[in-house]
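Dear colleague,

I am handing over a structure that you have not worked with before. Please look at it first, and then read the notes below it.

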Amino acid sequence: GMFERWRDPGYRPDEIGRFVWFWLAALAASAVIAVWMIDYSIAIVGVWRTVGVNFVLFGIAIVLLLLIARRRNNIARWLLAVPFNLLILVYDLSHLDEEMARGPLVIIAVLRLGSMAVATWQLFTPAAAEWFRGQRVEEE
């Protein structure tokens, strides 16, 4: 059934658990940043686009998390590692002046990037790589 597919694929190396926690920490930091920057974002792109972009980005981040941690999805691992992380990095670099103008916000942005980097690193250790190559949960 549908829920069968999302079941825990048995053994998971510690790295995958650490990935989940660091990715969740990055999501929490992202939520703080999104709220703190909301007035700025709305002034630039308007309310609906701001809400839409946040909804899509958080959605993608959560879907990638689930695909990686629950489905051992290697494509999701690479999508997270390269384009998604680059997108967030480019966002932070292009909004650096605005983030720095808000004092502590830049610290949270740096912590977010650090958490994302550590989370991503966990997915590429030898044990994690082996796990991704291992037996996948059967597709229906």
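Leu-57, Ile-60, Ala-61, Leu-64, Leu-67 and Ile-68 of helix 4 are in contact with Ala-76, Arg-77, Leu-79, Leu-80, Phe-84 and Leu-87 of helix 5, where contact means heavy atoms within 4.5 Å. By class, this contact has eleven nonpolar, no polar and one charged residues (Ala, Val, Leu, Ile, Met, Phe, Trp, Tyr, Cys and Pro count as nonpolar, Asp, Glu, Lys and Arg as charged, and the others, Gly among them, as polar). The model is a predicted one, in which local features need pLDDT of at least 70 and side-chain atom pairs count only at pLDDT 80 or more, while totals for chains, interfaces and linings use all residues. Residues are numbered from 1 along each chain as its sequence is written, and side-chain values use heavy atoms, with hydrogens and water left out.

Axes here are lines fitted to C-alpha atoms, for helices over the stretch in contact, and angles run from 0 to 180 degrees between N-to-C directions. Helices are DSSP runs (H or I, at least four residues), numbered from the N terminus.

Helix 4 (residues 47–71) also meets helix 3 (residues 38–45), their axes coming within 7 Å and crossing at roughly 120 degrees, which makes helix 3 oblique to helix 4. On the side of helix 3 the contact is made by Ile-38, Ser-41, Ile-42 and Val-45, and on that of helix 4 by Val-47, Arg-49 and Thr-50; by class, these are four nonpolar, two polar and one charged residues.

Finally, the lining of the largest pocket has 19 nonpolar, five polar and two charged residues, and helix 4 gives the most to this lining, with seven residues.

Best regards

Technical notes. Helices (H or I, at least four residues) and strands (E, at least two) are DSSP runs, numbered from the N terminus. Angles under 35 degrees count as roughly parallel, over 145 as roughly antiparallel, 65 to 115 as roughly perpendicular and the rest as oblique.
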